[in-house]
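Open the structure in your viewer and keep the selection tool ready. The tour goes from helix pairs to loops and then to pockets.

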Amino acid sequence: MDIRTYLNFLEVAEKLKCNTRHSYTSSGRPESVAEHSWRLALMAYLVKDEFPEVNIDRVIQMCLFHDMGEAVTGDIPCFEKTDGDEAVEEDAVAGLVRLLPQPYRQETAQLFAEMGELRTAEARLYKALDKLEALIQHNEADLSTWIPLEYDLQMTYGTKECDFAEYLKRLRDVVREDSREKIAASGQQPSAGGRG
């Protein structure tokens, strides 16, 4: 790859370090999109023995690229994202893919198409882990960073995405149990407005 093209693409990707998500870290600061993608890739690597039939390298690629459009659009929480927001992000992804030379352009376009269709085991695994990573991060953050709807969302988010594999269903159930224990230990219940 041409060095200037390489550096230009990395410059855009760097925005994923700057753009924050709705989630908070255990230290109390907003989590970056890049941090979410990094740990998602780590999660994929660590479940490879549970999914021997799956091309984990491809899943890791999906984890690293899946939120690339947010380098342009920023993150919009799932409970606020509209179809219009989805379309804007898709346009941002298409623009970023065009920055790449061949064969990277074609490979990356195919990767995004596969993620969008969710037909392959690789795409379904990435998507389930993506949902679970957000739930795990919420469990690691202080409960004061949760907004009221997240008390229920912790028990419903990722349900259908995890249903295709027993291991993912068990993982989801343990993560939900951690959420229940966190809430019970705090003695808090969601308030009518604001966080916590």
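Angles between axes are sorted in this way: under 35 degrees is roughly parallel, over 145 roughly antiparallel, 65 to 115 roughly perpendicular, and the rest oblique. The axes are lines fitted to C-alpha atoms, for helices over the stretch in contact, and the angles run from 0 to 180 degrees between N-to-C directions. Helices (H or I, at least four residues) and strands (E, at least two) are DSSP runs, numbered from the N terminus.

This is a predicted model, in which local features need pLDDT of at least 70 and side-chain atom pairs count only at pLDDT 80 or more, while totals for chains, interfaces and linings use all residues. Residues are numbered from 1 along each chain as its sequence is written, and side-chain values use heavy atoms, with hydrogens and water left out.

**Stop 1: α9 and α11**

Select residues 166-186, helix α11. α9 and α11 pack at about 155°, with axes 8 Å apart. The two helices are therefore roughly antiparallel. Their crossing is left-handed (the near helix is turned anticlockwise from the far one by less than a right angle; clockwise would be right-handed).

Now show side chains. Tyr151, Gln154, Met155 and Thr156 of α9 meet Arg176, Ser179, Arg180 and Ile183 of α11; contact means heavy atoms within 4.5 Å. This contact has 3 nonpolar, 3 polar and 2 charged residues. Ala, Val, Leu, Ile, Met, Phe, Trp, Tyr, Cys and Pro count as nonpolar, Asp, Glu, Lys and Arg as charged, and the others, Gly among them, as polar.

**Stop 2: α8 and α9**

Look for Leu135, His138 and Asn139 in α8, which meet Glu150, Leu153 and Gln154 in α9. The contact of α8 with α9 counts 2 nonpolar, 3 polar and 1 charged residues.

**Stop 3: α4 and α7**

Select residues 56-65 (α4) and 104-117 (α7). The axes come within 10 Å and cross at roughly 90°. So α4 is roughly perpendicular to α7. From α4, Arg58, Gln61, Met62 and Phe65 take part; their partners in α7 include Leu111, Phe112 and Met115.

**Stop 4: two loops**

Go to Pro103, in the loop between α6 and α7. The peptide bond from Gln102 to Pro103 is cis, with omega near 0°. Next, find Leu118 in the loop between α7 and α8. Leu118 has a positive phi of about 55°, although it is not a glycine.

**Stop 5: the pockets**

On a 1 Å grid over the protein atoms alone, a pocket is an open set of points where a 1.4 Å probe fits, with protein on both sides within 12 Å along at least five of seven lines; lining residues have an atom within 4 Å of a point. Points are joined across faces, edges and corners, and a volume is the space filled by probe spheres set on them.

The largest pocket has a volume of about 840 Å³. Select Asp67, Lys81, Glu86, Lys127 and Asp130, the closest to its centre among 32 lining residues. Which helix gives the most to this lining? α8 does, with 7 residues.

The second largest pocket has about 450 Å³. Phe9, Leu64, Phe65, Met68 and Thr108 lie nearest its centre. Its lining has 14 nonpolar, 3 polar and 2 charged residues.
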